[in-house]
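Let's walk through this structure together, one step at a time. Have a look at it first, and then we can start with how its chains meet.

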There are 2 protein chains.
Amino acid sequence: MPRLWNETIEEHRRAVRDTVLETTAALVAEQGLRAVTMSRIAEQSGIGRATLYKYFPDIESIMVAWHERQIGAHLDQLAELRDQAGTPGERLEAVLEAYAFIQQQRHGHGGEFSALLHRGDHVVHAEQHLRQFIRGLLAEGVQAGEVRDDVAPDELTSFCLHALAGAGTLTSKAAVKRLVAVTLSGLRPQS
Amino acid sequence: MPRLWNETIEEHRRAVRDTVLETTAALVAEQGLRAVTMSRIAEQSGIGRATLYKYFPDIESIMVAWHERQIGAHLDQLAELRDQAGTPGERLEAVLEAYAFIQQQRHGHGGEFSALLHRGDHVVHAEQHLRQFIRGLLAEGVQAGEVRDDVAPDELTSFCLHALAGAGTLTSKAAVKRLVAVTLSGLRPQS
């Protein structure tokens with residue numbers, strides 16, 4: 001049976017969208033937000049300007065869509081690590097380390113428009129999701145006796161996220177790993 | 001011997017300046033940065049507008065001066081705690097707790113203009129000073145065997161400052177104390 005016309009259209013739209021997102025992100029990273037124009041994006045993506053405007057009204061909306069996709073990919077990556085084999089403590093360590101590396105990369109590029117992007121609703125939503133996610137892992141760790149139980153998982157979540165945000169200023173992988181180790185020491189049951 | 005004329009002038013100037021700073025900070029906290037005018041500041045400070053303009057060209061410069069004074073007072077407070085009696089670990093704890101409470105208060109008010117103020121050179125300078133200060137305490141702690149020696153004091157300083165920035169989102173004193181306890185656990189020598 002031939003593929004349905006709608007599916008083909010849908011797939012085509014997704015492909016155009018993805019191309020636009022990647023082209024724009026690359027142009028912005030290379031030339032800065034202010035230097036990039038919709039015409040340049042259309043040209044580099046290999047689509048007409050009129051078509052581009054059917055997908056996105058402006059560069060900001062493209063960057064927000066790109067950012068949403070990035071955040072989604074990061075959350076998927078963390079969820080995969082959470083669902084691996086291992087004790088809660090081991091899985092917590094894997095997730096926090098991956099999160100710290102994401103923070104490090106995030107600050108490496110895109111400083112210029114990160115303030116703009118981080119004001120969006122999609123970010124608030126993703127942050128809530130991330131908090132719940134980490135809190136769940138911490139609560140599992142408490143039950144397994146691998147995480148301290150004298151401070152609520154909610155407060156420990158805040159501690160983790162703030163401490164690991166510091167990875168944004170670190171330049172080496174080794175330093176990020178040390179930061180994760182120090183943060184985990186803060187989470188362990190205290191004698 | 002009568003007081004020198006210059007000293008009297010100097011004292012008078014400082015008094016006017018202090019009054020302007022306090023009046024402006026109170027007005028901004030009450031009504032928001034946009035609602036406050038130089039005329040209103042002059043009126044509330046009990047000085048003429050022309051006099052006010054001899055001291056400060058605009059509200060932003062008053063707020064920066066106020067912020068500089070605040071930061072100076074906070075650094076003095078932390079230095080006092082550092083110079084108290086006690087082991088390096090005890091003094092570190094006192095300093096980090098006071099720092100966390102300062103972070104908590106700071107976020108309580110002034111959100112509107114904090115972004116503006118935090119871009120200033122005086123803040124960069126104060127942050128460098130604070131970092132050196134905390135790093136010194138941590139290095140003392142390492143020597144006394146009260147702070148871990150497997151991570152450089154410089155990296156531990158970053159960890160502390162990022163982790164304790166989380167106090168800005170906490171509403172109770174007890175929660176701030178718990179955050180300080182968790183942060184200190186991360187700093188202790190690991191077995």
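Do the copies meet through the same surface or through different ones? Here 100% of the interface residues of chain A are also interface residues in chain B, so the copies meet through the same surface.

Before going further, here is how to read what follows. Residues are numbered from 1 along each chain as its sequence is written, while chains are lettered from A and ligands numbered from 1 in the order in which they are written. This is a predicted model, in which local features need pLDDT of at least 70, side-chain atom pairs count only at pLDDT 80 or more, and totals for chains, interfaces and linings use all residues; side-chain values use heavy atoms, with hydrogens and water left out.

Now try to picture one chain placed over the other.

Next, let's visit the place where the chains touch. In chain A, 22 residues are in contact with 22 residues of chain B, contact meaning heavy atoms within 4.5 Å. Together the two chains bury about 1,600 Å², 64% of it on carbon and sulfur atoms. (Buried area is the accessible area, found with a 1.4 Å probe, that two parts lose on being put together, summed over both.) A:Phe159, A:His162 and A:Val182 supply 34% of the area that chain A buries against chain B, more than any other three residues.

What about charges? Between chain A and chain B there are two salt bridges, each a side-chain nitrogen of Lys or Arg within 4 Å of a carboxyl oxygen of Asp or Glu. In the one between B:Glu155 and A:Arg178, the closest N and O atoms are 2.7 Å apart.

Which elements build this side of chain A? Those giving two or more residues are α8 (153–165) and α9 (173–187) of chain A, and α9(A) brings the largest share, eight residues. Helices here are DSSP runs (H or I, at least four residues), numbered from the N terminus.

Finally, UniProt places the feature "DNA-binding region" (unreviewed entry) at residues 37–56 of chain A; such annotations may be inferred rather than shown by experiment. Over residues 37–56, chain A is 75% helix, and the end C-alpha atoms are 13 Å apart.
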